[in-house]
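Thanks for coming. I will go through one structure today, starting with a question about a single residue and then moving to the ligand.

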Amino acid sequence: MPRISDGSRAPRIVIDDVHKNFKLRHTHSIKETALAALRRKPLTTDFHALDGVSFAVEEGESIALLGMNGSGKSTMLKLISGVLTPDRGRVRTRGRVAGLIEVGAGFHPDLSGRENIFLNAAILGMSKKETESRYEEIVAFSEIEQFIDTEVKHYSSGMFLRLAFSVAIHTEMDILLIDEILSVGDEPFQKKCIARVRQLHEQGKTLVVVSHDLNMVSNLCDRGVLLRHGKLQFDGDSHTAVELMRA
Ligand SMILES: Nc1ncnc2c1ncn2[C@@H]1O[C@H](COP(=O)(O)OP(=O)(O)OP(=O)(O)O)[C@@H](O)[C@H]1O
Ligand SMILES: [Mg+2]
């Protein structure tokens, strides 16, 4: 069913002339650092991971964030989720943001799967009661019931992903950020995740998806934002963005 926009709603995400620099170190030891300082050589140089990027995401849109390794995609997702702040420019979001950016972030290795569900859900803004009411569903989706009382340090990377994904999609959110991680899961689980992400989009959630699986993202997302060396190279139809990426 087409959504009727009343035109008065602010975008879900606004990226306005965003710059993010990282310091690259050039010394490895105290001795090297001292020598470089004596010779007045720079100890670090600024690296522009994002260099004046602007775009906005409207409510209910699904965006594929594309680009080669190191082009700034994960940095952009971390800025949207608030893990990082821009050096210049502005990042604004409207509504609750749930993110699957780094699998394992927000998980404690010495706690069990069960304890981590509560920890992670709390980080994502859910109360204990809310988490309790969704607990069974979270575990069922992850399909790792048998290991739910095992410490997560003994989990395989796929099991980790299953739990993290399941918690994230069962939280109350308006914006869902997904970084690459789906590739860790086995094929049946990947399919199940993609189907669920599609369903969330149909319910009106706003999606930003990073993946090197270009066929999957161009099918899942209407719009493609292509980054190259930290700059916005293209913003438009996702199939065109993928063609440009492959060119
Ligand atoms: N904390 C950091 N310190 C220094 N450099 C960083 C840091 N985080 C990212 N970078 C650099 O910024 C650039 C962009 O990194 P980013 O992780 O955003 O790339 P990406 O597009 O997600 O790449 P990939 O497809 O490999 O995941 C890279 O060159 C990376 O080395
Ligand atoms: Mg990345």
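Is Glu143 buried, partly exposed or exposed? Keep in mind that this is a predicted model. Glu143 has a relative accessible area of 49%, so Glu143 counts as partly exposed; the cut-off for exposed is over 50%. Glu143 sits in the loop that runs between helix 4 (128-142) and helix 5 (157-169). Its phi is near 60°, a positive value in a residue that is not glycine. For context, most residues other than glycine have a negative phi.

A second residue of this kind is His229, with phi near 50°, again positive and again not glycine. His229 belongs to the loop between strand 8 (223-228) and strand 9 (231-237). With a relative accessibility of 66%, His229 is classed as exposed.

Now the ligand. Which residues surround ligand 1? Among them are Phe22, Phe47, Ala49, Met68, Lys73 and His212. By class, this shell holds 4 nonpolar, 7 polar and 1 charged residues.

Next, some distances to oxygen atoms of ligand 1. A polar atom in the side chain of Thr75 is 2.6 Å from one. For Asn69, a side-chain N or O atom is 2.9 Å from a ligand oxygen. Ser71 uses its backbone, where a polar atom is 3.2 Å from an oxygen of ligand 1. On its own, ligand 1 has 640 Å² of accessible area, and the protein covers 62% of it.

Where do the shell residues come from? Strand 2 (44-57) and helix 2 (73-81) are the elements that give two or more residues. Helix 2 gives the largest share, 3 residues.

How values were computed. Residues numbered from 1 in each chain as written. Chains lettered and ligands numbered in written order. Predicted model: local features only at pLDDT ≥ 70, side-chain atom pairs only at ≥ 80, totals over all residues. Heavy atoms only, no water. Near = heavy atom within 4 Å. Polar contact = N/O pair within 3.5 Å; in protein donor to acceptor, adjacent residues only side chain to side chain. Areas by Shrake-Rupley, 256 points an atom, 1.4 Å probe, with all protein chains shown as cover. Helix = DSSP H or I, 4+ residues; strand = E, 2+ residues; numbered from the N terminus. Nonpolar A, V, L, I, M, F, W, Y, C, P; charged D, E, K, R; others polar. Buried < 20%, exposed > 50% of the residue type's maximum accessible area, 1.4 Å probe, protein only.
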